[in-house]
Amino acid sequence: MSRGRHSGLGRKSKGTRRFARLHPALRGLPFVAVVVGYLLLPGTWQWQHAATLAAVHDNIVEQVEITAPAGDPALTARLAAASTGSQAAPIILTYHDIDYRGDKYTVSPESFAAQMQLIHDAGWTTLTSAQIRAWVRGEPLPPHSVMITFDDGARGVWKYADPILARNNQHAAAFIITGFVGTHAPYYLTWSELAELSASGRWDLEAHTHLGHVRVPSDASGGMEPFLTTMQYLPDQHRVETQEEYQARVLGDLSECKHQFLVHGLPEPSLFAFPFSAHDDDPAGTGILKNLVTSLYDAGMLDQADATSVTTSDQRAQGNIARMDVTADVTPDTLADRLISASPLEPAAAQPLLDTEQWMTSEQQATEVTIDDGRLVLDPGPGQDLSLQYARYRSSMWTNYTVSADIGTFEYSGDGTTTGLTVLVGDSRDEVQLSVSSSAYQVTQGYYSPTDVGSGELPSATTYHAVISVTPDQVVVTIDDNIVATVPVQTDRPHETAGGISVSAHRERDDSPVPAISNLTIT
């Protein structure tokens, strides 16, 4: 997502959640008709106006060298020691501008210099767009790597950020609103500056719409909503545009954005950043926006502010990749904490009964857990349910692992206690849950509408030994050395089936025994 500097460009609300070919769903739409349809819309004068301003202000400002303040050796060592692994999602940081304006989404040059120096001194690699595209195709990422991105194309990228990156031999990507290039001088980068950045080899230039980083009328009462996810209200016609008009308008903008790179002799962009991170409010639930973006770009980039965020299999299934916003209040310590918390964990290195700080609630909130004599005690209370996920961010791309545990504690048949173990958590389509009571089990697949894929009776016992093995093709569930379910999983494309583990518990009555899990291991 990105943030416009001027009110006319639309401030971002953080709470919102290939020109070469078209998606099959769009092939029936004549391209010429689409573009002509878009050009007939009110955006025409904006294109011409932006082009005029860009020509007037196409001068290159002087770059400024910023010296990084002295770093903390202990902090550098802590980041250098962060976990890493092959079953990993990319860690991506999003900046908006580097300057001294003092607003939340403008990072000072000294702060940016300190953050890049920390990443450099800790031995972390800065990723290129080509490496992200390779990851999308299934190739692993380099260990200890992070992608540095900038949204909007503000001039601080050239003036302050580029010299800092050059000093550290670091790489970054800038997502450009092509219709705003050279406008609102001196705020936006010019085409000359963009050409210099591209020629340096330090920068990838990517897409952030042409003139679509705005809000448009959504109703007759003056409501304004993001360009990409809104069926626009047409006041002169006293109606909301049709789906065909919406599709033509959005496709016209996305295509023109890509075209502007080629017109100005720049490499064709392959990644797209959603303005305002608006992507999941697709009009009428048609899937038009997803199909348009995936037909033109290799991936859509999302954003999350004030929190750790890494890509999940559900996001990849939609063609998207997660990023974390870096705001003015982020210190080197804060940045290190977020990079470490997003760093991938190899299954064999997981210690769920020792790394107690890695557990989160189902609402993704940190929580304290009780370990009693080597057992993870799960007490939701009478009539209540409890679900905890382990290392949520660090396990989001696990595709090959085995989890085993002794599940209990039961007293007799019908005692009202149920204990669960789930794999591929975060993959709403393929996650597999094993639920066990004192004399029965059930295996389900899927999160929102779970399907029963195996159930049956068990000999009465206080605990049961469960093993769940996950591979890219299937999940095998074993109870006391007996296979009770073999569940195929879908692997259409890389990273669309993946996830970690969670545990769950239910107590029906006051006298129901408290669930517990012991000998919980992951290999």
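Helices here are DSSP runs of H or I of at least four residues, and strands are runs of E of at least two, numbered from the N terminus. On that basis the protein, a predicted model, has 11 helices and 29 strands. Its 523 residues include 54% that count as buried. The exposed surface comes to about 21000 Å², and carbon and sulfur atoms supply 50% of it.

| Helix | Residues | Buried residues |
|---|---|---|
| H3 | 73-80 | Leu 75, Thr 76 and Leu 79 |

In H3, the buried residues are Leu 75, Thr 76 and Leu 79. Viewed down the helix axis, the buried residues of H3 lie within an arc of 100°, so they line one face of the helix. An α-helix has 3.6 residues a turn, so residues three or four places apart point the same way. Helix H4 (109-121) and helix H11 (332-342) are among the elements that cover the buried residues of H3. On the face turned away from the buried side, Pro 73 and Ala 74 are exposed. At the start of H3, the backbone nitrogen of Ala 74 has a side-chain oxygen of Asp 72 within 3.0 Å.

Gly 265 follows H8 and has a positive phi, near 70°.

Methods. Residues numbered from 1 in each chain as written. Predicted model: local features only at pLDDT ≥ 70, side-chain atom pairs only at ≥ 80, totals over all residues. Heavy atoms only, no water. Buried < 20%, exposed > 50% of the residue type's maximum accessible area, 1.4 Å probe, protein only. Areas by Shrake-Rupley, 256 points an atom, 1.4 Å probe, with all protein chains shown as cover. Arc of directions from axis to C-beta. Contact = heavy atoms within 4.5 Å. Polar contact = N/O pair within 3.5 Å; in protein donor to acceptor, adjacent residues only side chain to side chain.
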